[in-house]
Amino acid sequence: MAGARPRALRALHVAAELYPWVKTGGLGDVLAALPPALLDQGVDTRLCLPGFPALLDAFRLSDAVRLATPFATERVRVALATVPGSKITAYLVDHPPFYDRPGGPYGAADGRDWPDNHRRFGLLDWVAAALGSGADPNWRPDIVQAHDWHAGLAPPYLRAANAAVASIFTIHNLAYQGFFPAGTFPELSLPAHFYGIDGLEFYGGLSFLKGGLFYADRLTTVSPTYANEIQTPAFGEGFDGLLRGRADALTGILNGVDPRYWDPEHDDAIPLGYGIDTAEIGKEAAKRELRRRFYLEEAAGPIFGVVSRLTPQKGLDLLLAALPALAGAGGQLALLGSGDRELEDGFGAASREWHGTVGVEFGYDERLARLIIAGADCMVLPSRFEPCGLTQLYALRYGTLPVVRRTGGLADTVVDTTPAALADETATGFVFDAATPDALAGALGRAAAAYPDRTVWRQMMRRAMTRDFSWARSAEQYAALYRELVDKAP
Ligand code: ADP
């Protein structure tokens, strides 16, 4: 019809996490922030999530559809709900035998993965593909965007169904691959020829991640530098060849900061809210509280903060080895983390040895994370690889200067304090290259040496707080990608 406005593009996002209800890392934050930002860009965006009790309990549900699936004898209810606090609609795959379990989204409380994760996430992806093929008569997407390995089978299911919908697979972390023994393949109800080197097969088993990487129309990852790095053997986790072959389909789009949750002016986890002009007073109050919580002595040097999963990826073994240098430079450390036993033991011992200088807490604590990010002078992220990294973005927003390794999203978001960057007023942090304790110690030393010059430090804080890491910017780029894909479709 001449003059009729084209209807809005529709995008269905498939994922296993959604902050604040289900979160183990940055993935949950992204799923909370990107869909509303896409909605603001005019993209009609919905979510498809596992029906975890935390979500079913918090959301007001109505029935969308009931589907006969290969994963259960009874039909599976797909419930429809509005995500509380937003205008986003979510489909929840309500299958209690799979999702109503104690522990985390991927494993039991003891940290071990559920043995039937291939079926748990196979069902999620199968339902997403069914929605992509028109299972909900009231809403059919143009784009299905699948996030991380948990959603990796959505593109192959769509391909198997010959669905007229474009698919995007987004890599948040290539190290988690959803690898299962070959014997699980028949349980997934995919055509036999999908199991092969040109398909799901990976080193004698099958990988959900590879399903996404191989079958999606387009691939994205969460920073431009990581998009390049993963095409090399050092970062490709065995997929660099496949990714080089798909380089034309791969884009890096940086994550952003959700101001609804990360705003120092309205953060009830810190003693005194602050903006750009009140940062010093606000941070001083947070710092006092931080010192109290972590038993840190009064000292003139900077407090370095860490909020992190304790895994080899995050490079905190380098920090452990660099602690004498940190303390020697007059710094202190406040660390919150959970994960590897060895690292917990190491930092636990360090906090006893350096009582008053090194404070640690183990566990996952959202409010304490905020206090550290606000009260520390610097946040330390010595990651070996970092797809995007959110903690340094939050730190910048809170006027806390990041000390980071030059990799992935860290390289894309923090500008090192070189003489040139100081002169052209772009410096926002301290960046080092080699993944060694010495290189990290060098950056920590530079930060400690810069700290006493309050005029320069204040300028850097101000600059950090005004950097634009808005989700609007990311959403614009995703929306452009959607349009390109839909325009290209036959
Ligand atoms: P990743 O997803 O690899 O863990 P990101 O930097 O992308 O790394 O996201 C980590 C998110 O999880 C951030 O929001 C960070 O503040 C939070 N986080 C990590 N560890 C903890 C913890 N122990 N307690 C509270 N929040 C944490």
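## Basis

The model is predicted: local features need pLDDT of at least 70 and side-chain atom pairs count only at pLDDT 80 or more, while totals for chains, interfaces and linings use all residues. Residues are numbered from 1 along each chain as its sequence is written, and side-chain values use heavy atoms, with hydrogens and water left out.

Helices (H or I, at least four residues) and strands (E, at least two) are DSSP runs numbered from the N terminus.

Five of the five residues of strand 6 (residues 143-147) are buried; buried means under 20% relative accessible area, with exposed over 50% and partly exposed in between (1.4 Å probe, protein chains only). In a regular strand the side chains alternate between the two faces of the sheet. Here Ile143, Gln145 and His147 lie on one side, Val144 and Ala146 on the other, and both faces are covered.

Strand 6 pairs in the parallel sense with strand 1 (residues 10-14) over four bridges, and with strand 7 (residues 166-171) over five bridges; pairing requires at least two DSSP bridges between two strands. Val14 has Ala146 as its bridge partner, and Ile143 stands opposite Ala166.

## Thr220

Thr220 is found in strand 11 (residues 218-221) and is buried, with a relative accessible area of 0%. Its contacts (heavy atoms within 4.5 Å) beyond four places away in sequence include Gln145 of strand 6, Ile168, Phe169, Thr170 and Tyr478.

## Helix 1 and helix 18

The axes of helix 1 (residues 26-40) and helix 18 (residues 471-488) come within 9 Å and cross at roughly 65°. Helix 1 is therefore roughly perpendicular to helix 18, a term that covers 65 to 115 degrees. Axes are lines fitted to C-alpha atoms, for helices over the stretch in contact, and angles run from 0 to 180 degrees between N-to-C directions.

Val30, Ala33, Leu34, Ala37 and Leu38 of helix 1 meet residues of helix 18, among them Trp471, Ala475 and Tyr478.

Six strands form an open parallel sheet in the order 15-14-13-16-17-18. Strand 15 (358-362) and strand 18 (430-432) stand at the edges with a single partner strand each, so one side of each has no neighbour in the sheet. Neighbouring strands are turned by 15° against each other on average, direction ignored.

Eight bridges join strand 13 (residues 303-310) to strand 14 (residues 332-339), with Ile303 opposite Gln332. Helix 12 (residues 366-375) packs on the sheet, and its direction makes about 145° with that of strand 13. Helix 16 (residues 437-450) also packs on the sheet, at about 160° to the direction of strand 18.

Conventions: Parallel < 35°, antiparallel > 145°, perpendicular 65-115°, else oblique.
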